[in-house]
Amino acid sequence: MRKERYAGRMSPIWQLLEVKATEHMRRHPNEWFETDPTRADRLSGRAAGLSIDYSKQRVTDDVIDGLLALADERRVLALRDAMFAGEHINGSEDRAVLHVALRNRSNRPIRFDGVDVMPEVNAVLDHMESFVEAVHSGAWRGFAGDRITDVVNIGVGGSDLGTRMVCRALGSYADRGIRVHFVSNIAPSDLASKLAVLDPKTTLFVVASKSFGTQETLANARSARRWFLRSAPDEAAIKKHFVAVSTHTERVREFGIDPANMFPIWDWVGGRYSLWSAIGLPIALFLGMDRFKALLDGAHALDEEFRLTSGRDNLALILGLIDVWNADFLGSDSLAIFPYGTRLGFLPAHLQQVMMESNGKRVRIDGQPVDSHTSPVLWGGLGTNGQHAFYQLLHQGTRLIPSDFISAIRTHSPIGGQQRQLLANLVAQSRALMLGRTLEEVEAQMRAEGAAESTIERIASHRVCPGGQPSNTILFPQMTPEAVGALLALYEHRVFVAGAVWQIDSFDQWGVELGKQMADEVEPFIGTDEPAEPFDGSTQWLLDEIRAHWQADQNAD
């Protein structure tokens with residue numbers, strides 16, 4: 001790419017936005033609402049069934065115009081078009097980025113190196129559908145002739161988080177008689193606690209690993225295999241109780257899984273974007289293939305909004321640009337995700353990977369250091385639980401923390417007036433974070449409550465909330481597969497936009513790989529003799545401490 005595309009913070013557009021940011025931080029968002037009665041109408045919109053209000057962000061029309069100019073300068077939409085066209089936009093790994101093809105419900109040709117990938121995508125969907133139908137109908141049974149009642153997904157990262165989150169989100173649709181369980185942590189208790197309540201005769205394991213070599217996944221899969229074989233008549237029974245999502249046929253066969261029961265995934269699917277692929281097989285087994293396809297439908301609808309629109313009409317574009325604005329111009333270093341409703345409880349964890357693994361980078365795609373901050377630290381938790389915990393930091397802390405409030409408008413589980421209360425809390429909290437409460441307002445309230453002047457003077461300042469905290473609110477009619485699909489695709493494209501502005505490769509994860517490599521180097525010396533060449537002092541001290549405890553245990557035995 002040409003050097004002029006990397007003007008960075010020296011860009012006149014960037015510098016103009018820095019001036020605007022200084023001006024905006026001197027003003028309180030309340031002023032904008034007081035002087036502009038149409039603000040919320042302009043700074044909001046709808047996309048693929050989602051209603052999105054970003055009017056509480058610290059932006060004005062001229063800031064939005066400046067951010068759109070920055071997107072043009074960084075050729076964000078050109079990179080979008082390159083992604084949908086199957087170009088190798090993952091430069092460090094020389095790969096295309098085509099998770100959008102997995103949910104291309106229009107079946108429009110999408111080409112990778114000149115070849116339409118849709119026939120392969122559709123073939124895997126057909127394979128998934130026939131397998132899911134066999135399990136649900138009872139045509140597929142365990143080694144003893146019993147129907148499958150439990151599915152255990154063994155994976156980690158992208159092979160776990162998204163699938164787990166969707167199953168939790170859409171649990172109201174779980175009517176196929178299948179229970180799902182997820183094992184991802186290599187800590188022994190994760191797998192042991194699941195196996196303790198399962199019957200090997202009625203359990204199906206889905207081993208999800210693109211390479212079929214992921215350390216944590218294979219360790220858990222081998223332990224599950226040993227547990228299963230203690231009850232099975234012979235190793236041939238593995239074929240009825242283990243299936244794989246992978247690209248590595250030979251490793252799958254060596255494990256004992258029939259390659260006919262292997263569901264392929266492609267190199268152009270990043271792990272954190274893979275729930276739309278056969279990695280989502282547990283979703284289909286839990287909910288039915290029809291609902292899995294509805295999930296794809298919702299994501300595809302948002303994809304089309306992102307692919308075919310520009311400017312203010314493209315809400316994923318706008319939200320991604322606002323993330324850049326908050327991080328680089330307003331100085332925020334985090335983003336809080338607050339789903340209201342317990343079924344979206346795993347959403348922050350999934351989005352942590354989508355955002356921080358994608359944009360937690362320090363060099364541009366040309367290999368040069370970035371000259372701005374990149375991904376915010378994403379965190380969050382359920383409302384209303386968080387209102388009684390960490391919301392205190394947002395209301396009266398010293399940091400600027402943007403947040404997203406997310407909820408379905410209607411519930412699948414109506415009990416009394418609780419959904420009304422839930423939504424009232426969502427609306428009120430985003431309003432309170434924006435408006436705050438001034439010292440004058442606090443004093444007036446305390447006087448109205450009959451407080452003595454001495455009491456007011458002593459504690460009024462403790463009750464002041466400065467407000468001005470920016471937020472988005474995302475609503476949808478009900479927690480349907482289509483709504484969840486659209487919501488997840490919105491965040492994926494929002495992350496893409498921010499990464500494109502920062503000119504980083506949002507689709508590699510070399511930092512993750514480093515940790516894996518070092519684990520392989522250290523593992524041979526856990527509890528054993530010292531290495532010939534000592535590690536750094538801290539690592540060596542920890543190894544010595546572990547070895548001393550393990551040897552003490554052995555001597556006690």
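**Ground rules**

I am working with a predicted model, where local features need pLDDT of at least 70, side-chain atom pairs count only at pLDDT 80 or more, and totals for chains, interfaces and linings use all residues. Residues are numbered from 1 along each chain as its sequence is written, and side-chain values use heavy atoms, with hydrogens and water left out.

**Helix 15**

Helix 15 has 15 residues and reaches 20 Å from first C-alpha to last, close to the 21 Å expected; the expected span is 1.5 Å times one less than the number of residues. I found 15 of its 15 residues buried, where buried means under 20% relative accessible area, exposed over 50% and partly exposed in between (1.4 Å probe, protein chains only). Just after helix 15, Gly 331 takes a positive phi of about 80°.

**A cavity beside it**

I counted five cavities of 30 Å³ or more. A cavity here is a set of points, on a 1 Å grid over the protein atoms alone, where a 1.4 Å probe fits but cannot get out; its lining residues have an atom within 4 Å of a point. Points are joined across faces, edges and corners, and the volume is the space filled by probe spheres set on them.

I picked the second largest cavity, with a volume of about 50 Å³. Which helix gives the largest share of its lining? Helix 15 does, with three residues. Strand 10 (334-340) also supplies at least two. Asp 323, Ser 334, Leu 335 and Pro 402 are among the lining residues. I sorted the lining into four nonpolar, three polar and one charged; Ala, Val, Leu, Ile, Met, Phe, Trp, Tyr, Cys and Pro count as nonpolar, Asp, Glu, Lys and Arg as charged, and the others, Gly among them, as polar.

**Arg 494**

I found Arg 494 in helix 21. Is Arg 494 buried or exposed? It is buried, with a relative accessible area of 0%. Among the residues Arg 494 touches are Asp 323 and Leu 335, not counting residues up to four places away in sequence; contact means heavy atoms within 4.5 Å.

**Helix 4**

I moved on to helix 4 (residues 61-73), which has 13 residues and reaches 18 Å, close to the 18 Å expected. Its buried residues include Val 63, Ile 64 and Leu 67. Helix 15 and helix 21 are among the elements that cover the buried residues of helix 4. Arg 75, which follows helix 4, has a positive phi near 55°.

**Backbone and cysteines**

I noted a cis peptide bond between Gly 383 and Thr 384, with omega about 15°. Thr 384 sits in the loop between strand 11 (377-380) and helix 17 (391-396).

Ala 48 has a positive phi of about 50° although it is not a glycine, and it is partly exposed at 24%. Gln 503 has a positive phi near 60°, and it is buried at 6%.

Last, I looked for disulfides (cysteine sulfur pairs within 2.5 Å) and found zero. Cys 167 is buried at 4%, and Cys 465 is buried at 19%.

Key: On a 1 Å grid over the protein atoms alone, a cavity is a set of points where a 1.4 Å probe fits but cannot get out, and a pocket is an open set with protein on both sides within 12 Å along at least five of seven lines; lining residues have an atom within 4 Å of a point. Helices (H or I, at least four residues) and strands (E, at least two) are DSSP runs, numbered from the N terminus.
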